[in-house]
Amino acid sequence: MDKDVLISLRGLQFGQSEGEAEQIETITVGTYYERNGKYYVLYEEVTEGFDEHTKNRMKFGEHFLELTRTGLINVHMVFEENRKNMTSYHTPYGNILIGIDTKQIRIEKEEDRIGVTVDYALEVNYEMMADCQIMMEIRSKEKREAFLL
């Protein structure tokens, strides 16, 4: 896969009511590379109303994904299958203690595409908030027409 990529990030948060789900989707450009059997994706995020950007680095492999965000938002989130990890999420509005209880991570790798799906439960300050899912699709910029279909 090429170094320059398009990244589609979709997040689903399932509410306490049956069938209730909130979806957020972002498409952005980034950089991809592979090193020592692990995959890396780098991209920047802009938050409306703020001048400072957030730099994001995703590192993933079989059964794990790490997301490190620095800048306006600072956090190091670790998703490991069948494991719960705690971290402090630093925002412009204050700090939040979050727990990430990862159920499953699926990676699909093709020549010009990588798909990653993470199913997890999210806790905030030791209280269960929601069951969540992250879906990430990484494609070579040359294959960008696939995002537009």
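Is Gln133 buried or exposed? Select Gln133: the residue is buried, with a relative accessible area of 14%. Buried stands for under 20% relative accessible area, exposed for over 50%, and partly exposed for the range in between, with a 1.4 Å probe and protein chains only.

**Before you start**

This is a predicted model: local features need pLDDT of at least 70, side-chain atom pairs count only at pLDDT 80 or more, and totals for chains, interfaces and linings use all residues. Residues are numbered from 1 along each chain as its sequence is written, and side-chain values use heavy atoms, with hydrogens and water left out.

**Stop 1: around Gln133**

Stay on Gln133. This residue is found in strand β10. A polar contact of 2.7 Å joins the side chains of Gln133 and Asp119. Such a contact is a pair of N or O atoms within 3.5 Å; within protein, one must be able to donate a hydrogen and the other to accept it, and residues adjacent in sequence count only if both atoms are side-chain atoms.

Now show the surroundings. Leaving aside neighbours within four places in sequence, Gln133 is in contact with Arg10, Gly11, Leu12, Phe14, Arg106, Thr117, Val118, Asp119 and Tyr120. Contact means heavy atoms within 4.5 Å.

**Stop 2: the whole chain**

Zoom out and colour by secondary structure. The chain has one helix and ten strands. From the N terminus on, the order is β-β-β-β-β-β-β-β-β-β-α. Helices (H or I, at least four residues) and strands (E, at least two) are DSSP runs, numbered from the N terminus.

The C-alpha trace spans about 45 × 35 × 35 Å along its principal axes. Buried residues make up 40% of the 149 residues. Among contacts with a separation of 6 or more, residues 24 or more positions apart account for 35%.

**Stop 3: the largest nonpolar core**

Next, select Val41, Met58, Phe60, Leu65, Met77, Phe79 and Met136. Of the 29 residues in the largest nonpolar core, these touch the most other members. A nonpolar core is a set of buried Ala, Val, Leu, Ile, Met, Phe, Trp, Tyr and Cys residues joined through side-chain atoms within 4.5 Å. Elements giving two or more residues to this core include β1 (4–14), β3 (38–46) and β10 (127–140). Strand β9 gives the most, with five residues.

Centre on Met136. Not counting residues up to four places away in sequence, Met136 touches Ile7, Ser8, Leu9, Met58, Phe60, Leu65, Ile114, Gly115 and Val116.

**Stop 4: the aromatic rings**

Show Phe and Tyr side chains. The structure holds five aromatic pairs. Rings of Phe, Tyr and Trp (its six-membered ring) pair if their centres lie within 6.5 Å; planes under 30 degrees apart count as stacked, over 60 as edge-to-face and the rest as tilted.

Pick Phe50 and Tyr93. Their ring centres are 6.1 Å apart and their planes are at 80°, so the pair is edge-to-face. Phe50 sits in the loop between β3 and β4, Tyr93 in the loop between β7 (83–91) and β8, 43 residues apart. Phe50 is partly exposed, with a relative accessible area of 28%. Tyr93 counts as exposed, at 70% relative accessibility.

Move on to Phe79 and Tyr120. Their ring centres are 5.1 Å apart and their planes are at 75°, so this pair is edge-to-face. The pair links distant parts of the chain: Phe79 in strand β6 and Tyr120 in strand β9, 41 residues apart. Both Phe79 and Tyr120 are buried.

Last, select Tyr32, Tyr39 and Phe60. These form one aromatic cluster.
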